[in-house]
Amino acid sequence: MSAPPRHTPRPLIAPAGVAVAILTVPLIGLLQRAPWSSIVERLTTDAVLDAFRVSLIVSVSAALACVVVGLPLAWVMARSSRRGIAALRVIVLLPMVLPPVVGGTALLFALGRRGLFGEWLDRWFGITLPFTTAGAVVAATFVAMPFFVTTVESALRDAGPDLDEAAATLGAGPWATFVHVTVPTVRPAIGAGLALSWARALGEFGATITFAGSLGGRTRTLPVETFLALETDPESAIAISVLLLAISLAVLVLLRGRWLRR
């Protein structure tokens with residue numbers, strides 16, 4: 001027996017339409033101004049290709065960093081019953097709501113040459129992060145980490161500890177259980193988190209330009225190149241924006257089973 005049709009309350013239709021307009025009008029405005037006849041030429045200039053290369057290095061490195069350190073953090077948040085987990089979750093979520101420029105400023109005062117930790121990194125190990133490619137990776141990781149951790153943590157909570165406890169009953173140690181039971185169980189969520197964190201890192205602007213600057217071939221990513229092109233060559237800025245929009249849509253298509261399913 002099929003379920004009865006659900007009717008949308010009429011008072012909700014107009015506000016919902018306004019919400020859709022707010023989301024779609026900017027995209028329509030961007031696409032109708034795109035220089036379609038010369039978009040390939042504009043996207044293959046040396047400056048754009050250089051920014052694309054830097055963006056790939058920074059975003060892929062940041063996404064991998066999110067997996068390496070974010071997966072253990074997600075496990076701790078999902079499985080641990082220790083006090084302080086709620087506060088830890090607030091710390092993880094903070095970069096999602098924090099203005100990126102504020103995040104970049106915080107990184108500068110923490111890891112800059114005269115920063116709280118940056119001074120010691122420079123003095124003891126000769127490591128300088130601000131205005132370097134490594135600094136851009138750190139800034140991208142800072143803003144992308146919550147997307148990976150929250151995605152994997154949610155999957156770990158949904159999976160529950162039953163399989164882990166069963167493996168422990170059969171004699172598997174904590175590390176073997178984590179590698180051979182826990183990780184395979186949430187592998188789709190790890191892939192989704194990896195894609196989301198990569199897309200967020202690819203689009204990062206505020207923290208990057210504040211902490212790593214805009215040095216061609218080193219820290220000038222596609223979003224930074226877009227910002228600079230807006231002042232001198234708006235059509236190239238639009239072309240780069242269309243490219244980033246296409247990449248974002250591709251990520252959503254890749255994750256359609258997780259985010260677009262009703």
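**Exercise 1.** Decide whether L194 is buried, partly exposed or exposed in this predicted model.

*Solution.* Start with the relative accessible area of L194, which is 31%. Buried requires a value under 20%, and exposed requires one over 50%. The value for L194 is 31%, so L194 is partly exposed.

**Exercise 2.** Find the helix that holds L194, and name the nonpolar surface patch residues that go with L194.

*Solution.* First, locate the residue: L194 sits in helix α10, which covers residues 187-202. Next, list the patch: F52, L56, V60, L64 and L194 together make a nonpolar surface patch of about 370 Å². Then consider the helices: α3, spanning residues 46-79, gives the most to this patch, with four residues.

**Exercise 3.** Describe the secondary structure and the extent of the protein.

*Solution.* Count the elements: there are 14 helices and zero strands. For the extent, take the C-alpha trace along its principal axes, which spans about 70 × 65 × 30 Å.

**Exercise 4.** State what share of the residues is buried, and what share of the accessible surface belongs to carbon and sulfur atoms.

*Solution.* Of the 262 residues in the protein, 35% are buried. The accessible surface comes to about 15,600 Å², and carbon and sulfur atoms account for 69% of that surface.

**Exercise 5.** How many positive and negative side chains does the protein have, and how far apart are the centres of the two sets?

*Solution.* There are 21 positive side chains and 15 negative ones. The centres of these two sets lie 8 Å apart.

Notes
Residues are numbered from 1 along each chain as its sequence is written. This is a predicted model: local features need pLDDT of at least 70, side-chain atom pairs count only at pLDDT 80 or more; totals for chains, interfaces and linings use all residues. Side-chain values use heavy atoms; hydrogens and water are left out. Helices (H or I, at least four residues) and strands (E, at least two) are DSSP runs, numbered from the N terminus. Buried means under 20% relative accessible area, exposed over 50%, partly exposed in between (1.4 Å probe, protein chains only). Accessible areas come from the Shrake-Rupley method with a 1.4 Å probe; for residues, only the protein chains shown count as cover. Lys and Arg count as positive and Asp and Glu as negative; His and the chain ends are not counted. The place of a charge is taken as NZ of Lys, CZ of Arg, CG of Asp or CD of Glu. Patches are made of residues with over 30% relative accessible area and no salt bridge: like charges are joined within 9 Å, nonpolar side chains (Val, Leu, Ile, Met, Phe, Trp, Tyr) within 5 Å. A salt bridge is a side-chain nitrogen of Lys or Arg within 4 Å of a carboxyl oxygen of Asp or Glu.
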